Amino acid sequence: MYKILLLLCLPVMLLAQKQKLAGTVMNNDSEKLQAVQIELYDSKNELITEFKTDADGNFTWEGISETDVKIVVKNKGYSLFEKKLDLEKTKALQIILSKESNKIGEVIITKRKPVVKRKVDRLEFNVENSNISSLNAWEILKNTPGVTTNNNVLRIKGSSGILVTINDKKVMLSGDELKNLLENTQGDEVKSVEVITNPPAKYEASGSSVLNIVMKKNKIEGYRSILTSKYIQTQYAKAVFGLSQYYKKDKLSVMASYFRGLGTYYREGTDHVNYPESQTRWISTMNRKDKNTNQNTLNFNVEYELDSLTNLSLNYSGFFYPKSYGTYHVPTLIYNSQDVAESNYTTVNDHRNRVTNNALSFQVDRKLNTKSKLSWINYLAGNNSDKFQNVNTYLNFAGQPPREENFQTQNNSDVQLYSSQLDYQWKNDKLEFESGAKYSFVKTRSTLDFSDNENGLLQYRPEKSSVFDYKEYNFGLYSSLSYTLGKWSFKGGLRAEMTNLEGIVSEPYELNENKYWKFFPTFYAQYTTDDKHEFGFSYGKRITRPFYSWLNPAKSYYNLFSYYQGDPKLKATITHNLNFTYSWKEWNIDLYYRKEIYPSMEISYQEPSTHNLIYYFTNIENGEAFGLSLYKSFQVKPWWNIIVSENLEHNENNFKGTDGALYKNKVWNLDSNVSTSFTLNKSSDWKMEVGHRYNSPGIQGTFRISGVWSAYFVMNRKFFNKKLEASLFFNDIFRTTGKKVSTKYANQDNYYLDYGDAQGFTLSLKYNFGNQSVKNAKTIKKTAEQDRL
């Protein structure tokens, strides 16, 4: 094995014969056209390069390794020109473009609707030059077939175990950080979004599905800069300011961006716990208000073409804020069996948080010849967080004198990871082979210092404090093969991953070790009829390893009667995905089945003897789901489009209760997304969209989650020759995204009401400087491990 890897790394590179292409572009009046965009595609219809004509309408491009190519010429106001060429026979080209008219009656067509294309192993949502390309990448994902969002969590067919990648390079962020990144990614630089329900063997085995954002490639020289400002008004105001800069000259491409966010964040919640043993009800009201005035996001990417075959990339990304703080006042009323509030207590939680996240990566891409290429990437990342809280509780229980209790906790978490990956690819017209290997190492250390005033003075309590050390090694190998035979397309692959982990808890001392090999097969088949009916079948096996914070067994107290706790013995979740697909004339139907073994998730349970409400991560026995997805785009008028996306699913979770009995939680769930968009004006790129999203009641382990719905409205318009773009977005117009999460079985009877302060509006302004033809330098590949930070 090591000899094979060493051989793949050897710099034995084959030099391909170079071709040259030259010519002139003019119109029907024999006028030579300057700055005309020209694109070259290979025999697999993949973009090789793009360039523009000079002031005299001429173009020349050397160093083309392909022989059979397709040339595409685009110019505003002219019809698209396409032609296949044999560069060994083609000496010079004279291209004549014909003028076109975009007006139909009184309606002006500005952009086409998105195109959905079914491939053997994925669904491609092509948004390039479409009527939603003016949205940011986050909004484009929310409009992608089969994708839904719930509390800013992306889901595919009801599953939230999603890996997000950009140009097949993993994005090592999650939650609000991922949302911020995608909101600052310009939609007009997105070519397509790939929904990969059963990811091929090339992808990490982690996560149930993959969302791959394909960006337009940068081949045009120049400089540009984007100045961004955003004002968000919900319960309290927030703002984001940023500057992005892009530069390409000859073989060098550079991108750098900085964003700063500030504001006050609010969330409403109420806990209800019924204790049948004591016939009491405990009701706590928590309205959380936190301030964070210094959120910083940095990204720097440099790419250098060493020669026509070798490309080098270096990337740094960072996210940090020195202080997020707030004080929660949480009153709790305790009602007796006669529904009279006989006792109460109030918790005052004064807290502050600090987070630092840094990532550095280096990548080398090398074409070995016209059919094969090699990629190698190294990644280093670190995440450090510090959380402090000072909790005072004022108790007034019936039959007891009033008293005050106080405790403090200091939590520190430090995560360091390293990975190295090597990928090889070979392909011709009908056959494609891929193989590679990856090694990664993760080290985490979490400490909890607990102090209370049990003896009248604040003292450190070693029995309630903890140190948790965790190490994990992963080694993976994969191979896959694709073959096209007439109307049939096949693809199959196998990935093997070895995991070696060690977790040590300091007090009480506990050692948890595990080492295992897992194999992850994938298979795909697709048949296309003469009239373009497409039938597909796929199977994939995946693994979801727990987040590192879920493994920490230390008790993190919210108040005297509630705490969160992880489990160092959490098992990885194994998922089996099975899909049947059908596509025809923009009808896309997906019938699927998903089986999960030992899903890990957060649940809660109440302890009657201490009246504690405990939140912890655990494995339930299994989960099972099957459903039907439907996506259809209706072009009512050239300027009016309607999109319908529906997902009906039966979901079932089996879990053991606190009494040791086996329980079943099941539900039929409907996710519905209906939107309509209008293109109003060509010169100002003026667009509007109105949408409605509905999620019927769902489940998660012991939880039953109420249904929610929301309506939104967005308008975009460009000014000053499209250099200034303004956007107005109204979200959760009727304040209907609040939800109820309940647990009810045996002696467990509790629920909480939650509202994430979604109702509000956002006003965004974006100003573009410089050459707006420059596109993002490609984002560097990253690893799956940081998804678990």
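The model is a predicted one. Its largest nonpolar core has 24 residues, and its second largest pocket has a volume of about 330 Å³.

**Largest nonpolar core**

- Within the core of 24 residues, Leu141, Leu154, Leu182, Val190, Val193, Leu211 and Ile213 have the most contacts.
- Two or more residues each come from the helices α2 (137–142) and α3 (175–183), and also from the strands β11 (123–126), β13 (153–156), β14 (162–166), β16 (190–196) and β17 (209–215).
- The element that gives the most is α2, with four residues.
- Leaving aside residues up to four places away in sequence, Ile213 touches Leu141, Leu182 and Val190, along with Thr165, Ile166, Asn167 and Ser192.

**Another core**

- As background, nonpolar side chains tend to be buried together in soluble globular proteins.

**Second largest pocket**

- This pocket, with its volume of about 330 Å³, is lined by 21 residues.
- Closest to the pocket centre are Asn514, Tyr516, Leu570, Lys571 and Ala572.
- At least two lining residues come from each of β28 (466–485), β29 (488–505) and β30 (510–528).
- β30 supplies the largest share of the lining, four residues.
- Sorted by class, the lining holds twelve nonpolar, six charged and three polar residues.

Key. Residues are numbered from 1 along each chain as its sequence is written. This is a predicted model: local features need pLDDT of at least 70, side-chain atom pairs count only at pLDDT 80 or more; totals for chains, interfaces and linings use all residues. Side-chain values use heavy atoms; hydrogens and water are left out. On a 1 Å grid over the protein atoms alone, a cavity is a set of points where a 1.4 Å probe fits but cannot get out, and a pocket is an open set with protein on both sides within 12 Å along at least five of seven lines; lining residues have an atom within 4 Å of a point. Grid points are joined across faces, edges and corners, and a volume is the space filled by probe spheres set on the points. Ala, Val, Leu, Ile, Met, Phe, Trp, Tyr, Cys and Pro count as nonpolar, Asp, Glu, Lys and Arg as charged, and the others, Gly among them, as polar. A nonpolar core is a set of buried Ala, Val, Leu, Ile, Met, Phe, Trp, Tyr and Cys residues joined through side-chain atoms within 4.5 Å. Buried means under 20% relative accessible area, exposed over 50%, partly exposed in between (1.4 Å probe, protein chains only). Contact means heavy atoms within 4.5 Å.
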